[in-house]
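Take a look at the fold below before reading on.

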Amino acid sequence: MPMRIVRNDITKMRVDAIVNAANTALQKGGGVCGAIFAAAGAEALQAECDRIGGCGVGKAVRTGGHALPARHILHAVGPIWQGGGKGEAEILRDCYRNALELAREQGCKSVAFPLISTGIYGYPKDLALGVAVSSIGEFLLRHEMLVYLVVYDKASFQLGGKLFASIEEYIDNNYVEEQLQEGLRRKQQVSVYAAASSVGMKRSLEDVLGQLDESFSQMLLRLIDEKGMTDVEAYRKANVDRKLFSKIRNNKSYSPSKGTAIAFAIALELNLDETLDLLGRAGYTLSQSSKFDVIIQYFIEEGNYRIFEVNEALFAFDQPLLGV
């Protein structure tokens, strides 16, 4: 199952488990921790935490959800930021790994995380976000689970400055406002196709003509085989649910959403020419009058096919996410 980045109050998430950014003493704190205790029923939750006694840094322990919609609370203790040279990143990865493993042991099908250590512990939000996304992404390549990364508001979510600036500059250079004349838009669309030749080897005319009758599903399954991937590897890398992939596999005429089609293009690491071909089988293309499309083109041209990082950028620019 996929990872989703959402803006919400984590105490209201209807999932099997939510993760608390806890302290080692498992005492009610401020921020996310205080909100979880308050919503769960502070007295009852504190009594259960006191029976456990504590939790080490980088570790996770479980309590019941009490008055929360979630059945479990997974208390994970993150590192205090000390400048980045004290192993904070690896400790933070351990937080996510241990909480996810604990959720799996409890039979959880869904879990919601906050950005651990970004409150009073001072971990920079952009760095913490990168650790969270990579750690959760690694887990989801091996296990089936729906994982939410919950941010309370847009101010809590920041891309790394260098990456944000690079994408913003790319958008400025390539994005065309919708109000421009249709003729100009068509001209720019042609330039998208022309740009494909600079991203990788184009297919021969013989290859194109030999595959005219392929549907989206047929082409996708062929590409998965050609890339030497298994079905499981493909849909997990695409951040797509197994049930959705089953529908695609069992229906050669299946019509995917544009986001799903692009997600598989990213998972298969297709160049721009190949991506446009796969999208075309589903009736879509990439347009320079769409900020979403321009961001996708940026990542393909950069050779960055890590779908969770693509989704970070899409979320930061208020665009729909891939594969969910």
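What follows covers the overall chain, then its sheet, then its cores.

This is a predicted model. The protein chain holds 14 helices and six strands. Of its 324 residues, 49% are buried. The chain exposes about 14,800 Å², and carbon and sulfur atoms supply 50% of that area. Now consider contacts between residues at least 6 apart in sequence: 70% of them join residues at least 24 apart.

Start with the sheet. Strands of a sheet pair through backbone hydrogen bonds, either parallel or antiparallel. Here, six strands form an open sheet with mixed pairing. Their order is β1-β6-β5-β2-β4-β3. Which strands stand at the edges? They are β1 (3-7) and β3 (60-64). Each has a single partner strand, so one side of each is left without a neighbour in the sheet. On average, neighbouring strands are turned by 25° against each other, direction ignored.

Move to β2, residues 17-22. Five of its six residues are buried, so β2 is largely enclosed by the rest of the structure. Six bridges tie β2 to β4 (residues 72-77), and the two run parallel. Within this pairing, V19 stands opposite L74, and I18 stands opposite I73. β2 also pairs with β5 (residues 110-113), again in parallel, through two bridges. There, I18 has A112 as its bridge partner. Helix α1 (residues 31-40) lies across β2 and β4. The helix runs at about 130° to β2.

T63 is the residue opposite I73 here.

Next comes β5 with β6 (residues 146-151). These strands pair in the parallel sense over four bridges. S110 stands opposite L146 in β6.

Now the interior. In soluble globular proteins, nonpolar side chains tend to be buried together. The largest nonpolar core in this model has 80 residues. Which of them touch the most other members? They are V111, F113, I136, L149 and L322. Helix α4 (residues 125-140) gives the most to this core, with eight residues. Why does the core lie between domain 1 and domain 2? Domain 1 (3-156) and domain 2 (161-182 + 214-317) both give residues to it, so the core lies between them.

Leaving aside residues up to four places away in sequence, L322 touches N239, G259, I262, A263, I266, F292, I296, I307, V310, N311 and L314. A second, separate core has 22 residues. Among them are I18, C49, A70 and Y148.

Finish in helix α11 (residues 258-267), where T260 is found. Is T260 buried or exposed? Its relative accessibility is 7%, so T260 counts as buried; the cut-off for buried is under 20%. Setting aside residues up to four places away in sequence, T260 touches L244 and I248.

How values were computed: Residues numbered from 1 in each chain as written. Heavy atoms only, no water. Buried < 20%, exposed > 50% of the residue type's maximum accessible area, 1.4 Å probe, protein only. Pairing = 2+ DSSP bridges. Contact = heavy atoms within 4.5 Å. Areas by Shrake-Rupley, 256 points an atom, 1.4 Å probe, with all protein chains shown as cover. Core = buried A, V, L, I, M, F, W, Y, C linked by side-chain atoms within 4.5 Å. Domains from an automatic or database assignment. Axes fitted to C-alpha atoms, helices over the stretch in contact; angles between N-to-C directions.
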